[in-house]
Amino acid sequence: MRSLPDLLWRAVDRLRGREDQLALVLSLMIGAVVGLVVVAFILLTGRLAAHIYPAGSAGWRRIAAPVLGALITGWFLARHFPGARGSGIPQTKAALLIEDGFISMRTVLAKFFLCCGSLASGIALGREGPSVHVGAGISSVIGRRLGLTREQVRWLLPVGTSAALAAAFNTPIAAVLFSLEEIIGDLHAPVLGSVVISSATSWMVLHLVLGDEPLFHVAAYHLVNPAELGIYAVLGIVGGLGSAVFVKLLLGLRLRFRALPPRTLWLQPAVGGLTVGVMGYFIPQVLGVGYDEIGRILNGDIILRTVLLLAALKIVATAVCYASGNAGGIFGPSLFIGAMLGGTVGGVAQLLFPGHTAGAGAYALVGMGTAFAGIVRTPLTSVIMIFEVTRDYSIIVPLMVSNLIAFFISARLQPVPVYEALAQQDGLHLPGAESRSASERVPVRRVMRAAPAPLADTTELADALARMREAGADAWPVAGREGFRGMVGRDAVEGALASGEGGPTIAGLVREAADPGEPESGAHVHPDHAIGVALARMGAAGLAALPVVSRRNARELLGIVTLQDLLAEFGLGAPRDARSGDV
Amino acid sequence: MSDATAPPAASTRTFLVTFTLVLGAVFALFVFDTFLAGVQRRAGASEAAARYREGTALMAAGRPAQAVEKFKAALAIERLDADYARGVADAARAAGRPADAVQVLGPLLEREPTNGAANLSMARALLAARDTDQAVSYYHRAIYGLWPGDATAARRAVRLELVDLLAGRGSRQELLAELLPLEDEENPDTALQRRRAHLFIAAGSPERAAQVFRQLLRRDRTDADALAGLGQAEAAQGNYGSAQTHLMAASRLRAGDAAIAAQLAQVDRVRDMDPTLRGLAPAERRRRSAMLLGAALVAADRCPAAPADSALPPLMDSARAELARPARAVGLAAAAEGMMDRAEQIWAMREGCPEDGNADQRAAALVLDKLRE
């Protein structure tokens, strides 16, 4: 009979050996830990802010607190914790894509406490980005301490980020989407299950501690008139332009700050603190992330001139605070800017078409998603996030219209997404969600050429070789009695002739295009396949050309795609003359 | 980046220790977060209460617009607090923004449809927004809603508020329907009894009013208000003699009361004009009948809505002719009867015309109404 410790040992060993079970347990564990840490982060920031700004406090505090906060945190960030500067999302992506999932405990602790101080002092940045960094860092630390492989640690990061965002923003579905869309850049990533579990666990922890309260309480809004979609389209344009202005300003200012002498690094955040402090002295709503103000605006408490002014001031305040090196994210401020722009458009619409539009609060709501789609450039996440934040389904169609317009305008005016651009300024070349999917967006149809007349599979080896030599082709399509069969490679024909094996015809050398057992893994592609798939299959088949066959009938040859044409698509060499039909 | 290199596979012991540490951290964090959340909640509640107090003080100082902001601040912290929501609504209504009040109360009543105080606030807001029918509906919900503390007193107060509204609208049937449940109250105080009795008169039920006033007088014979009320109730029933007696008694008890004096003067005037009183000499009866006929003619002349092509003009001509005829000693009773008949006919034909403001005309109208009944 085995003892209890022995059984425990064996159970642990068994768990370590079974990756699926380990992933499940780790997802639950990371979800709980990260959720609780982020809740602590939110509550500590709130309590600290309440002490820094007691009710009815004097106006000078609104200047002194952010300046002092930025000076203190700036000194720590510059001297001791440079990894904790900024939002945390580019840093998380860098850890995932470059550093094998490594984020140090030191960085996690610094991010937690310095952001807590920075945000509580009134710096106009958000808590979501830092939460994501902290969540990813906790995952990394736990993974390493448990002795997981580098690859396993790497894949724990998105698990931590989704848990962090679910708790920081109370949006479990959007958290999953954000982790897949922005952090990993692949909506079908194999860690999807773990990401969902950790997000749900974190969300449950949040609700256990703080109760079932949405981030914003919003009155139910409806589309009053179908023509209102036109106004939402205008909001999309305004949101797209506003997003582009914000991102350009932020990136431009950051470049200027980076050009300053390194010895001023600790002092630079104070510029952000002073900027937001002076603004906050006159208009206190500019201070901090401003979720209270968003809540008011969403409920229609709007004075047109004020919201327009707030949008402009917040764009400047957040850009300066971030660019000067303060700790905090742009996630929350994006929503603030969007709400104010939306409120402005809604207010103007109500003035122009009274009685025919929804309340300005509805536009503020859509504006939040619009600015998020324009700035962060994750359109799917932005739609789901607003839906989750407000729990209001009726606004989803205007939201989609507005978000997509903002997304396209922003992408046109600012081609590199903000997190990617920020990383580039730091010398890191991280793929964004858009750039990662660029090669996937080019279909085979774009590079394929007309197929030459197939050889019959009864063609003699010498004739086939002569035909291929004549055309300068590395492979040639072959047809049998039932139609198209596959490709025959020149190397294979030459080899058969030299060795005298394989029979007198090419019938035995054909790489069958379609394997009836696994129809999708044969030596062929379809016109809608991405060119990346074509490259992979060429490698697997050992052929420099693949047949492009119909999805309806794999024996129907539609064309040919060659390695040379694929390389030409990436700007390497020139394609052969497609009219010749050469392969 | 030394840590980024492939980590050595940890021993089972390290794995287990780490696992245990993380679980411990979960527990510790949960305790810490719960503590922090409690602190946050208490601080929030305290701040909300402070804002609410400020709002209440501003309301008391007659500054509802500023009070709205304070109440809103309280509500932003404690979103589910019904009192804070009502504070915002009541202040917004007082600031002349009843639509805002309705907007705030909507979600509250969705959550708490039986909240009596919230329904009352909604009724008041709708009344301010001139949606009286909806307001009446919410008054009813408030009456049948839940109230903390003395629910009976709260419901009575709401019903009386509704009763005042209905009396102001002249909705006699609805008013009577609201007054009747007040009769079931156990040990109602004198002020409530008195008020209810007066409202019975407004609701067109002077008999019930007289009954209540008599009950009050049984308790206190020297209750001048009850005596005056009873006089009013008797007058409303056409019992001007009894009305005069009670009003005179009330007048004696409260000599300087202008309202009682005016009611008494009115009753005196009616009695002076009433040709049907017993014991009148024929000449006096004819004089009063002629006075009534004259009043009916004046009223018909002043009525713009009187149909010109009806039987009224010839009737008025014949009445004028009869009034112009000198009185004779013989046939005075018949003449008086004839005049009363004509006065009644003319009065009936001018029905629907606005009442005259003149005291004599009003008295004549009361006599003619009595004659018609």
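A: The model is predicted, and the values below are computed from it. In general, a pair of packed helices is described by the angle between the two axes and the distance between them.

The contact itself can be listed by side. Helix α4(A) contributes A:I89, A:Q91 and A:T92, and helix α6(A) contributes A:G129, A:V132, A:H133 and A:A136. By class, the residues of this contact are three nonpolar and four polar, with no charged residue.

Next, the domains of chain A. The assignment gives domain 1 as 10-210, domain 2 as 228-434 and domain 3 as 444-580. The C-alpha centres of domain 1 of chain A and domain 3 of chain A are separated by 50 Å.

Chain B is also assigned three domains: domain 1 (36-148), domain 2 (151-273) and domain 3 (277-373). Between domain 2 of chain B and domain 3 of chain B, the C-alpha centres lie 31 Å apart. Eight residues of domain 2 of chain B touch 13 residues of domain 3 of chain B. These two domains bury about 1,000 Å² between them, with 62% of that area on carbon and sulfur atoms. The salt bridge count between domain 2 and domain 3 of chain B is zero.

The contact between the chains takes 37 residues from chain B and 38 residues from chain A. Chain B and chain A bury about 3,300 Å² between them, and carbon and sulfur atoms give 71% of it. Here too the count is zero salt bridges.

Over all chains the count comes to 33 salt bridges. One of them joins the side chains of A:D426 and A:R258, with an N to O distance of 2.8 Å. This pair links distant parts of the chain, 168 residues apart. A:D426 sits in the loop between α18 (418-425) and α19 (433-436) of chain A, while A:R258 belongs to helix α10 (residues 228-258) of chain A.

Technical notes:
Residues numbered from 1 in each chain as written. Chains lettered and ligands numbered in written order. Predicted model: local features only at pLDDT ≥ 70, side-chain atom pairs only at ≥ 80, totals over all residues. Heavy atoms only, no water. Contact = heavy atoms within 4.5 Å. Helix = DSSP H or I, 4+ residues; strand = E, 2+ residues; numbered from the N terminus. Nonpolar A, V, L, I, M, F, W, Y, C, P; charged D, E, K, R; others polar. Domains from an automatic or database assignment. Buried area = accessible area lost by both parts, 1.4 Å probe. Salt bridge = Lys/Arg side-chain N within 4 Å of Asp/Glu carboxyl O.
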